[in-house]
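Here are some notes to read beside the model. Please keep the structure open while going through the points.

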Amino acid sequence: MLLQVSNLSKSFGVTPVLSNITLQIEDRERIGLVGVNGAGKSTLLQVIAGELSYDAGDIFKAKETRVGYLRQNSGLNTDRSIWNEMRTVFTALIEVEKEIRELEQLMSDPALLENEKRYEETMNRYAVKSEWFKQHGGYEMEAKIRGVLHGMGFGQFAPDTPIHTLSGGQKTRLALAKMLLEEPDLLILDEPTNHLDIPTLTWLEGYLRGYPGAILVVSHDRYFLDALVTAIYEIERTSSKRYTGNYSRFIEIKAAEYDIQMRHYEKQQTEIAKMEEFVQKNIVRATTTKRAQSRRKALEKMDRLDKPMGDLKRASFSFETDITSGKDVLEVRNLQVSVQARPGEASDQERRVLIRDVNFELKRGITAALIGPNGVGKTTLLRTLTGDHKQDFGVINWGTNVKIGFYDQEQKHLNPSNSVLDELWNAFPHIEEARIRTVLGNFLFSGEDVFKKISSLSGGEKARVALAKLMLLKANVLILDEPTNHLDLYAKEVLESALIDYEGTLLFISHDRYFLNKMAESMLELSADGVQVFFGNYDDLIEKKAELAEMQASAPSTSTGTRASGAAPTSSNASTAPEEKKNDYEASKQAQRDARSKQRRLEALEANIAQLEADVELLEAEMADEAVFNDYVLLGEKTALMDTKKTELEGLYAEWESMME
């Protein structure tokens with residue numbers, strides 16, 4: 001065991017943040033730490049890393065265990081270059097390498113050959129140093145640095161790039177790259193997937209799966225947690241609980257445990273009610289007083305179960321439209337966009353072309369995801385579509401009756417000096433205050449929270465304010481730039497549910513692969529040379545790209561031949577017949593809608609089946625009770641009710657089986 005936390009508690013003033021936290025980490029374990037925003041996850045990591053004190057409890061760490069801790073949004077601040085900073089990880093190896101080079105020069109000196117004893121000592125020392133250097137990875141040192149830098153998205157950066165010229169997100173990624181090279185025994189990561197695009201995320205997952213030490217990670221990326229961790233600790237209501245398995249397994253286990261606890265609680269409550277009723281009716285009767293007194297004593301001695309608390313209150317909202325847009329929502333043709341040139345990038349020009357030859361269209365009701373590596377221009381493209389950025393040339397045609405709602409990941413449209421209440425009320429002055437407060441309550445702003453200044457809010461709170469404004473807008477086209485950033489795992493699920501039920505058109509940017517899989521009906525992959533359109537979600541995209549690569553590898557001479565329907569991407573510049581393209585698009589869109597409808601029906605069926613099964617089980621338990629069993633009338637009523645529920649259950653089973661075929 002590398003680390004054990006026992007009964008740890010931490011308060012800020014009179015407010016408890018952590019209470020009796022217990023956690024243990026064994027060698028090479030991959031553990032995820034989850035909980036709502038503000039649950040105390042980052043506080044616990046800081047305590048474990050020794051950066052915060054704690055009020056009570058114990059932390060036991062194995063002797064000589066090296067701990068590496070990467071705080072959220074904590075980047076490197078140094079005047080060194082990227083390459084020289086990474087080399088500081090291997091200072092001991094570099095010193096030994098320097099000594100080896102000096103010994104090599106010494107051995108080449110003819111004077112040394114004349115002193116046999118000194119020559120032998122030098123040779124032995126050289127052999128020992130060389131073997132140590134080899135065993136500790138000296139010869140792989142530079143290759144390892146290059147590999148990690150490339151994987152973390154610095155492959156195109158010059159090695160002598162000064163770190164102080166990088167952006168905040170790039171400095172954070174570089175800090176993570178350095179920590180991976182250091183290879184501490186316990187790697188503690190707080191939101192390491194922030195600022196990472198999909199290729200970098202995929203590389204990081206693979207690297208961490210093979211990491212030689214243990215990992216404790218806080219992340220709101222469900223795909224990342226599912227791919228990496230083997231155990232989950234949840235912090236809820238200041239306490240912790242361990243679940244075996246990845247994030248999806250944790251959700252299943254937690255839901256099942258809650259159902260079991262609720263059934264036991266309800267069963268006990270039913271028993272208590274019957275006993276109390278018996279005592280009340282029979283305590284004064286001479287013939288039954290003793291039995292009534294006995295049951296009253298049993299009630300007093302009973303170990304009563306607490307009602308399961310269930311999930312914490314979650315945001316609750318839905319996106320509605322006040323008008324329906326035309327069938328053709330957006331047409332983009334031959335779009336080119338430039339941005340301000342970076343220092344040293346094009347000294348003779350003020351602007352540089354970011355994206356060119358962008359062509360795509362959106363139909364009413366479609367859900368499309370815009371993807372691509374960091375820096376390719378996704379956000380700039382969205383801002384161009386909404387009129388916040390001017391294109392060089394090209395056509396942007398919005399359809400009839402289009403009403404656009406835009407979500408900015410940086411929340412620049414929020415006024416920092418406004419209170420939460422004023423931010424919404426100023427935007428929608430025609431809505432009465434009671435309605436505004438109700439909406440804010442649905443987004444978890446209650447009581448005095450509505451008077452907080454926007455400037456004082458956390459990233460997650462600002463995101464909820466922006467979503468509240470978007471909901472009240474009732475737009476029929478939503479354009480969302482990284483909508484899941486700053487949201488905890490539970491808030492993401494609420495947002496997904498709201499967007500799945502949204503009847504308008506949706507275009508969004510996201511690096512959250514779980515979100516992409518659940519939401520996207522088509523993928524628009526942006527590069528400097530245009531957009532490629534793929535039908536389906538993220539997993540479909542990966543599968544289609546693999547199929548295309550396999551086809552090209554197996555038949556390079558026929559790469560321009562006929563492609564299997566739906567297997568290859570549709571290029572924005574392809575010369576497909578308009579009518580055929582339109583038919584394919586409509587067919588794919590309808591198939592996606594049918595699949596979503598089927599999935600929603602299956603989820604509803606499974607929920608109804610689970611409830612009916614629980615009802616039948618409860619009825620069977622009640623009918624076995626002596627009081628019911630001896631009451632012919634009551635027993636008949638229970639039997640009839642159970643027969644009805646079983647008949648209904650059989651119908652649901654049949655429908656479920658037919659949909660699964």
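**Notes on the predicted model**

1. Pro 373 touches Asp 197, Lys 378 and Leu 526, when residues up to four places away in sequence are not counted. The model is a predicted one, and the points below should be read with that in mind.

2. Where along the chain is Pro 373? It lies in the loop between strand S12 (367-371) and helix H12 (378-385). Pro 373 counts as partly exposed because its relative accessible area is 37%, and that class runs between the cut-offs of 20% and 50%. From Pro 373 to Lys 469 there are 96 residues in sequence and 29 Å in space, C-alpha to C-alpha.

3. Ser 6 has its place in strand S1 (residues 3-12). Is Ser 6 buried or exposed? Ser 6 is buried, because its relative accessible area is 17% and the cut-off for buried is under 20%.

4. With neighbours within four places in sequence left aside, Ser 6 is in contact with Ile 21, Thr 22, Gly 57, Asp 58 and Phe 60. Thr 384, by comparison, is 378 residues from Ser 6 in sequence and 54 Å from Ser 6 in space, C-alpha to C-alpha.

5. Next, a pair of helices. The axes of helix H6 (residues 141-154) and helix H7 (residues 168-182) come within 10 Å and cross at roughly 145°. The crossing of H6 and H7 is right-handed.

6. Which residues meet where H6 and H7 are in contact? On the H6 side they are Lys 144, Ile 145, Val 148, Leu 149, Met 152, Gly 153 and Phe 154. On the H7 side they are Gln 170, Arg 173, Leu 174, Leu 176, Ala 177, Leu 180 and Leu 181. The residues of this contact divide into 10 nonpolar, two polar and two charged.

7. In soluble globular proteins, nonpolar side chains tend to be buried together. In this model the largest nonpolar core has 49 residues. Those touching the most other members are Phe 317, Phe 319, Leu 478, Leu 499, Phe 508 and Met 523. Helix H15 (residues 459-473) gives the most to this core, with eight residues.

8. Leaving aside neighbours within four places in sequence, Phe 319 is in contact with Leu 467, Leu 470, Met 471, Leu 478, Leu 495, Ala 498, Leu 499 and Tyr 502. A second, separate core has 46 residues, including Val 34, Val 96, Val 148 and Val 229. Val 148 is also one of the H6 residues that meet H7.

Notes. Residues numbered from 1 in each chain as written. Predicted model: local features only at pLDDT ≥ 70, side-chain atom pairs only at ≥ 80, totals over all residues. Heavy atoms only, no water. Helix = DSSP H or I, 4+ residues; strand = E, 2+ residues; numbered from the N terminus. Buried < 20%, exposed > 50% of the residue type's maximum accessible area, 1.4 Å probe, protein only. Contact = heavy atoms within 4.5 Å. Axes fitted to C-alpha atoms, helices over the stretch in contact; angles between N-to-C directions. Left-handed = near helix turned anticlockwise from the far one by under 90°. Nonpolar A, V, L, I, M, F, W, Y, C, P; charged D, E, K, R; others polar. Core = buried A, V, L, I, M, F, W, Y, C linked by side-chain atoms within 4.5 Å.
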